[in-house]
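Visitor: I am new to this structure. Please take me through it step by step.

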Amino acid sequence: MESVDLLYKAIYILVIFGITLLIATYSTYFERKIAAFIQDRVGPNRAGPAGLLQPLADAGKLFFKEDFIPARANKALFILGPGIAMLVATMSSAVIPYGDMLLVDGREIYLQAIEVNIGVLYIFGVVSLGVYGLMIGGWASNNKFSLLGAIRAASQNISYEIAMGLSLIAVLMMTGSLSLREIAAQQAGFNWNIWYQPLGFLIFLVCAFAETNRTPFDLPESEAELIGGYHTEYGSMKLGMYLFAEYINIFVASSVMATLYFGAYNFPFMFELEAWLVDATDSVVTANNIVTLLGVGFMFVKIFLFIFFFMWVRWTLPRFRYDQLMKLGWKILIPLAILNILLTGGGILLKDYLF
Amino acid sequence: MEPLSNRRKQVEKKDMTLAERAYLPAIAQGLGITLKHFFKKKATVQYPEQTRERSSIWRGLHVLKRDENGAERCTACGLCAVACPAEAITMTAGERKAGEEQLYREEKYAVTYEVNMLRCIFCGLCEEACPKAAIFLQDDKLAPARFERDEFIYGKDRLVEPLKTTETR
């Protein structure tokens, strides 16, 4: 790889990292705003215009609180827990294709940090590591309630990962590739996977809610009645890291869903638009770049819609009971996902047979 | 047994239908309700900047009026104290001395005039009882919260309308 390419990559990775953090920061603001709007309130509006500086004020408050480590806690692991949660959350956005290809000085720049042919597996692997963050945090607190909370969180995440993986297999059967760039490219135009995999998407969506510990399944936290779960003993910015990691996970889950089911950066009539732009501007490069940048815009619109949906659901639904959660995961979602695989396989065979 | 009203209803526990057991229709309905609230007009009044509009006959903090020459109208007749159902008003009367004509309108005046805002129920009966049109409840001021009980006993220093010429606030 040439040094110029490396430079582009470095810039791109920094930009994506920055955007991830920015979106996670402002998710906290929009969470509160959306909660308020749904409850007929106005929400934070004192810090800065329309309350836009509220996340900074919250972060400032967390930084200035006492950074407390319990006396009998395992100090190293206690610090490591939120670190792992944060690290894993920010790592998983590396393989997501936020856009197609830009042409700059005759160079092809793909808007994806790293292209690996096992992108889907990478995301799954990294996301499952997130459980370690919770588990270590809960265990290191040396508090039985934290430990119980951590076990609760871990068993939930592991249960729902199975259904999530099974629902994904149907997509992989259709696309025949584990590379996210390839999956995105196959959904060109309006040929999105959601039209072929509505059931799979539904299962994936439910599992994504469980994986990110969001409301119908937010038993790991349940801040009101189960004393916070695994982060009971955490305070200050360590607690902030855990909460922040959750918002990054929402962003990543939204991008994964947009990539796998909602056509990533593809939008309807993109080829017609590109052909028209080639005619209008008389330059293939400009036309390609304009369409690519529009695609990035569409990708982020899809991601924001998903993030909004996450919050909308949070302020609508009450929490599942733990036995209901487990029953839904093991007795309903996993059989449904297997059924979905069978249906997809049958559909693929039928298509081969007919055409 | 004969029903007392025709509103009696047989309660029955049915098995849930498939749609009910699948949760999803109910979830969609719930999401619709919250989305409707999302776009609703908010009832919030941004208090320090805005205040809620009061009725023009709102009965707020008392004021002891002066006449057009700036002399106090109150003659300490005590009708307001008699009318007061909460017994919040006390006063002592005094005789006007020579040279005080600019201060008090008639020969008798209130040396002290106290309203206990903790007792007052802001009914406005003092206003109705006053034959000299001296006491009114304002529509734009409230008796604010305070820390000490005795701060709620408003004397003439806080009740009498400020002179137009010396008005500083």
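Guide: pLDDT is the predictor's confidence in each residue, from 0 to 100. This is a predicted model, in which local features need pLDDT of at least 70 and side-chain atom pairs count only at pLDDT 80 or more, while totals for chains, interfaces and linings use all residues. Residues are numbered from 1 along each chain as its sequence is written, and chains are lettered from A and ligands numbered from 1 in the order in which they are written.

Visitor: Which element of chain B has the highest mean pLDDT?
Guide: Chain B averages a pLDDT of 88, and 96% of the residues score at least 70. Its elements are helices (H or I, at least four residues) and strands (E, at least two), both DSSP runs numbered from the N terminus. The lowest mean pLDDT among them, 82, belongs to helix H1 (residues 18–21) of chain B, and the highest, 94, to helix H3 (residues 79–83) of chain B.

Visitor: What ipTM does the model score?
Guide: Two scores are given for the model. The pTM is 0.82, and the ipTM is 0.82.

Visitor: How many helices does chain A have?
Guide: From the N terminus on, the elements of chain A run α-α-α-β-β-α-α-α-α-α-α-α-α. Apart from two strands, the count for chain A is 11 helices.

Visitor: What radius of gyration does chain A have?
Guide: The radius is taken over C-alpha atoms, and the globule rule is 2.2 Å times the number of residues to the power 0.38. The C-alpha atoms of chain A fill a box of roughly 70 × 50 × 45 Å along the principal axes. With 355 residues, a compact globule would have a radius of gyration near 20 Å, which agrees with the value for chain A, 22 Å.

Visitor: Is A:Gln187 buried or exposed?
Guide: A residue is buried if 20 or more other C-beta atoms lie within 10 Å of its own, exposed if 12 or fewer, and partly exposed in between, with C-beta atoms placed from the backbone. A:Gln187 is found in the loop between helix H6 (180–186) and helix H7 (198–211) of chain A. Because it has 22 C-beta neighbours inside 10 Å, A:Gln187 counts as buried.

Visitor: With which residues is A:Gln187 in contact, leaving aside its neighbours within four places in sequence?
Guide: Two residues are in contact if their C-beta atoms, placed from the backbone, lie within 7 Å. With those neighbours left aside, the contacts of A:Gln187 are A:Trp192, A:Asn193, A:Gly263, A:Ala264 and A:Asn266.

Visitor: Is A:Phe269 buried or exposed?
Guide: Most residues other than glycine have a negative phi. A:Phe269, in the loop between H8 and helix H9 (270–281) of chain A, has a positive phi of about 65°. A:Asn213 also has a positive phi, of about 55°, and is buried, with 23 other C-beta atoms within 10 Å. A:Phe269 has 11 such atoms within 10 Å, so it is exposed.

Visitor: How many residues does the contact take from chain B?
Guide: Nine residues come from chain A. From chain B the contact takes 10 residues.
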